[in-house]
Structure formats: structure tokens, C-alpha cells
Amino acid sequence: MSLSIRNQIPGTVASVTPGEVMATVKVRLTGGQEITAAITREAVRELGIEAGSAVRTLIKSTEVALATGAVEGLSIRNQIPGTVTEVATGGAMAGVKVAVAGGELTAAITRDAAEDLGLAAGSEVIALIKSTEIALAAS
């Protein structure tokens, strides 16, 4: 199946913590980072997700925020360091490609934000992604 979601990084499920309706799934990405996805318990069951399962993390580029340094005091737990490889700006928006260990992320942010942050190839950034904005696909 082909998807329009550009951010697809493979990994292995490290743990599943079920709740009433939702579950948190910790995934160790191929680059070694750990990322948390919050998905429904039904999805966990239907996809057969358990510790050791191979999955792909799927993240829309509009759900990736960027910071130029470490961020504390924030509820967003997924903070992945990387290096900007490309910035493509348009009239209102910018597409920023970020090399991370084991893959690449694309962030769609406003052109003003990209300019205010001084983003350019070689810039060190932290990709911020809410766990509720990560989907998982069974591999």
C-alpha cells in the first residue's frame, strides 16, 4: 500500500501499556531512539502489536514541530534530535527535511517559523511529535 505520509520510520515494539480505551506503545526506531505512540487498544489487538513486533511509525509532516534546542517543561515526550538537510520555502509554508538516526523526517511549518528559527542545511534541531499524532503499521 502506498501512503501520502512521508514520515515512515521502521522500528520494533519495546512495550505496550494498555489503558481503558487507548494504549501507549513504545517503539525503538532503527536508529536507536525510542518513540511513543498512543493508539486504541482495538488497533493494538487488530494489528497484533506486542513487544518484539516489527512496525512502521507513520507521522504526517504537519504534525512535526521543530525546536533549535532541547525543550523542557513540555508534555510532548517524543523529542528526536536531528540535522536539517534541506529547507524548501513557498509563499506561506516551508518543508524542512531532517536527518535523524536511522531515517529522515519532514516537517511542514510556516515560512515565518523557518525564517525566525534560522533553519538551513546543517542546523541542529529537535523534532517534537505528540504521541497521539503517531500511527503504527504492522510490518
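Residues are numbered from 1 along each chain as its sequence is written. In this predicted model local features need pLDDT of at least 70 and side-chain atom pairs count only at pLDDT 80 or more, whereas totals for chains, interfaces and linings use all residues; side-chain values use heavy atoms, with hydrogens and water left out.

The unreviewed UniProt entry lists residues 2-68 and 73-138 under "domain: Mop"; UniProt positions follow the numbering used here, feature names are shortened, and annotations may be inferred rather than shown by experiment. Residues 2-68 are 10% helix and 54% strand, with their end C-alpha atoms 32 Å apart. For residues 73-138 the figures are 11% helix and 58% strand, and the end C-alpha atoms again lie 32 Å apart. Helices (H or I, at least four residues) and strands (E, at least two) are DSSP runs, numbered from the N terminus.

A separate division, from an automatic or database domain assignment, gives domain 1 (7-59 + 131-138) and domain 2 (61-129). Their centres, taken over C-alpha atoms, are 22 Å apart.

Where the domains meet, 13 residues of domain 1 are in contact (heavy atoms within 4.5 Å) with twelve residues of domain 2. Together they bury about 1000 Å², 57% of it on carbon and sulfur atoms; buried area is the accessible area (1.4 Å probe) that two parts lose on being put together, summed over both. Asn7, Gln33 and Ile59 supply 44% of the area that domain 1 buries against domain 2, more than any other three residues.

Five residue pairs, both residues at pLDDT 80 or more, are in polar contact across this interface. A polar contact is a pair of N or O atoms within 3.5 Å; within protein, one must be able to donate a hydrogen and the other to accept it, and residues adjacent in sequence count only if both atoms are side-chain atoms. On the side of domain 1 that touches domain 2, the elements giving two or more residues are β1 (7-18) and β3 (34-40). β3 gives the most, with three residues.
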